[in-house]
Amino acid sequence: MGKKGKRSRRKTINAADRASIVAVQTKIKEFNEKFSKSLSLQLDSQAANELREGIKWIEAKKLELSDTLLRMKLQTWFVENKLIFYANLMGLELSRRNFDGVIQIYKEHFERCNIDVKMKNLLCAFPTLQLNYHEALLRQGKGSIDTFISLSKLHSTNGRQENGLKTDLRRSADFLRTIKHFDAAIALGKQLEALTGDRLSLATTYLDQYIVGDEESLPTDFASNMTQVMQKHKTESNETEDFTTSYTVSILLLAQSTYLSHQLNDNTEVVMRKAIGFIEEYLDLILRAETHCSTCKQTGTESEVQFVCSGCRVACYCSIDHQRMTWKKDAETGMRFGHEVLCPVMKAYRKWRHANDNGDNERVSRLRRRFERECLYCLSDGMGLKDKCFKK
Ligand SMILES: [Zn+2]
Ligand SMILES: [Zn+2]
């Protein structure tokens, strides 16, 4: 500071003003680091509390600093920081399935706000906020699906390049698939593939559409393509250590499509064993993530009681609500079956693992056969492939 000539107007700013702004910047940075850390540990409810705390702090500071902000022309900057906290909170509430919360934040802080062009970060995030809001509305049985679809299309064609676009496209496609808007989900899946090479969303939609009833919808090279799609996805997941979210779903998809190809094309024991192997791999991952809520994926903290499914004693939930939410169908990932279908498989697997660890040979082989039977039943009846597979 204090360079000759340049920015002489700033000379009117006193050192005290500058010091208090630096203090605010530091504090905001601290809040950001704290909540990002909680988020990376998947402590979502803790992260949400930290954000709320940050917002409260900013609100309190706003009054105290109003003269300083005016003198330094930093009002916009200050407001943007607060709104970014709200934007982060909205995303968090959506993944925690607090749809009322999402709607409320949007209505109170974004619906009528004019985002200043200087608020660059917020401007980038705004399309995501709109999508989050409309998704929350639809999940509450309100809102318009046409608006959601046209927003998704608009956002994916107006040249956004940042990471947020990929997440938005995948989220929207997953959601549209869940509510059986397959054409729109496929269109977004294709855009996602074109932009990022990610074919997982598209593959899931094709398979789901096929299961739900459209015999003609499955591309002929689907099964052979799936193996490639999954291999690529697995490598990427290993790199990012993203075990608790997308990979666990994709591995079930792989089990389904392997089973499908077993029934339709290659009716050999080897292929069937491969399908069972994928379910086993899936269950290993679930057991590894044992303290995560099966619905919202957040880690249980010591203060929060974890609910364990009494059927399998494997799946954990942060609340009874979250247990109910994914019992019939897994709404978030867009799979058309819920824990109800997986519960017996998990139970059989837990029993087999337990016997195996204790080395009781006779029981081990009996329980293993039981587990494999459950796998096949789950793949054919449970996941909705039975009618498709045995028609031929
Ligand atoms: Zn939960
Ligand atoms: Zn269970």
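Me: Why is Arg313 called exposed?
Reply: This is a predicted model, and every value here is computed from it. Arg313 has a relative accessibility of 57%. Exposed means over 50%, so Arg313 counts as exposed.

Me: Where does Arg313 lie?
Reply: Arg313 sits in the loop between strand S1 (307-308) and strand S2 (316-317).

Me: What is the phi of Arg313?
Reply: Phi is near 55°. That is a positive value, and Arg313 is not a glycine.

Me: Which residues gather with Arg313 in the patch of positive charge?
Reply: Lys347, Lys351, Arg363, Arg366, Arg369, Arg370 and Arg373 gather with Arg313 on the surface.

Me: What makes these residues count as positive?
Reply: Lys and Arg count as positive. The patch is made of Lys and Arg residues, among them Lys347 and Arg363.

Me: Which helices each supply at least two residues of the patch?
Reply: Helix H15 (339-358) and helix H16 (361-382) do. The largest share, five residues, comes from H16.

Me: Why is Lys351 called partly exposed?
Reply: Lys351, in helix H15, has a relative accessibility of 35%. Buried needs under 20% and exposed needs over 50%. The value of 35% falls in between, so Lys351 counts as partly exposed. Patch residues need over 30%, and Lys351 has 35%.

Me: Is Arg97 buried or exposed, and why?
Reply: Arg97 has a relative accessibility of 9%. Buried means under 20%, so Arg97 counts as buried. Arg97 is found in the loop between helix H4 (75-95) and helix H5 (99-109). Its phi is positive, about 65°, although Arg97 is not a glycine.

Me: What makes the pair Arg112 and Glu111 a salt bridge?
Reply: The closest N and O atoms are 3.7 Å apart. The cut-off is within 4 Å, so the pair qualifies as a salt bridge.

Me: What makes Arg177 and Asp174 a salt bridge?
Reply: Their side chains meet at 3.0 Å, N to O. The cut-off is within 4 Å, so this pair qualifies too. Both residues lie in helix H8 (residues 163-178), three residues apart, about one turn of the helix. Arg177 is buried, and so is Asp174.

Me: How do you know that Arg324 and Asp321 form a salt bridge?
Reply: The N to O distance is 3.9 Å. That is within 4 Å, so the pair is a salt bridge. Arg324 and Asp321 are both in helix H14 (residues 320-325), three residues apart, about one turn of the helix. Both are exposed.

Me: Which residues do salt bridges with shared partners join into one network?
Reply: Arg273, Glu280, Arg368 and Glu372 are joined that way. How many salt bridges does the structure hold? There are 16.

Me: Which residues have the most contacts inside the largest nonpolar core?
Reply: Tyr282, Leu283, Leu342, Met346, Phe371 and Met383 do, in a core of 44 residues. The elements that give two or more residues to this core are helix H10 (200-212), helix H12 (246-264), helix H13 (269-288), H15 and H16. H15 gives the largest share, nine residues.

Me: Why is Glu281 called partly exposed?
Reply: Glu281, in helix H13, has a relative accessible area of 25%. That is between 20% and 50%, so Glu281 is partly exposed.

Me: Why are Asp168 and Asn81 called buried?
Reply: Asp168, in helix H8, has 6% relative accessibility. Asn81, in helix H4, has 14%. Buried means under 20%, so Asp168 counts as buried and so does Asn81.

Methods:
Residues numbered from 1 in each chain as written. Chains lettered and ligands numbered in written order. Predicted model: local features only at pLDDT ≥ 70, side-chain atom pairs only at ≥ 80, totals over all residues. Heavy atoms only, no water. Helix = DSSP H or I, 4+ residues; strand = E, 2+ residues; numbered from the N terminus. Buried < 20%, exposed > 50% of the residue type's maximum accessible area, 1.4 Å probe, protein only. Patch = residues over 30% accessible without salt bridge, like charges linked within 9 Å, V, L, I, M, F, W, Y side chains within 5 Å. Areas by Shrake-Rupley, 256 points an atom, 1.4 Å probe, with all protein chains shown as cover. Charge placed at Lys NZ, Arg CZ, Asp CG, Glu CD. Core = buried A, V, L, I, M, F, W, Y, C linked by side-chain atoms within 4.5 Å.
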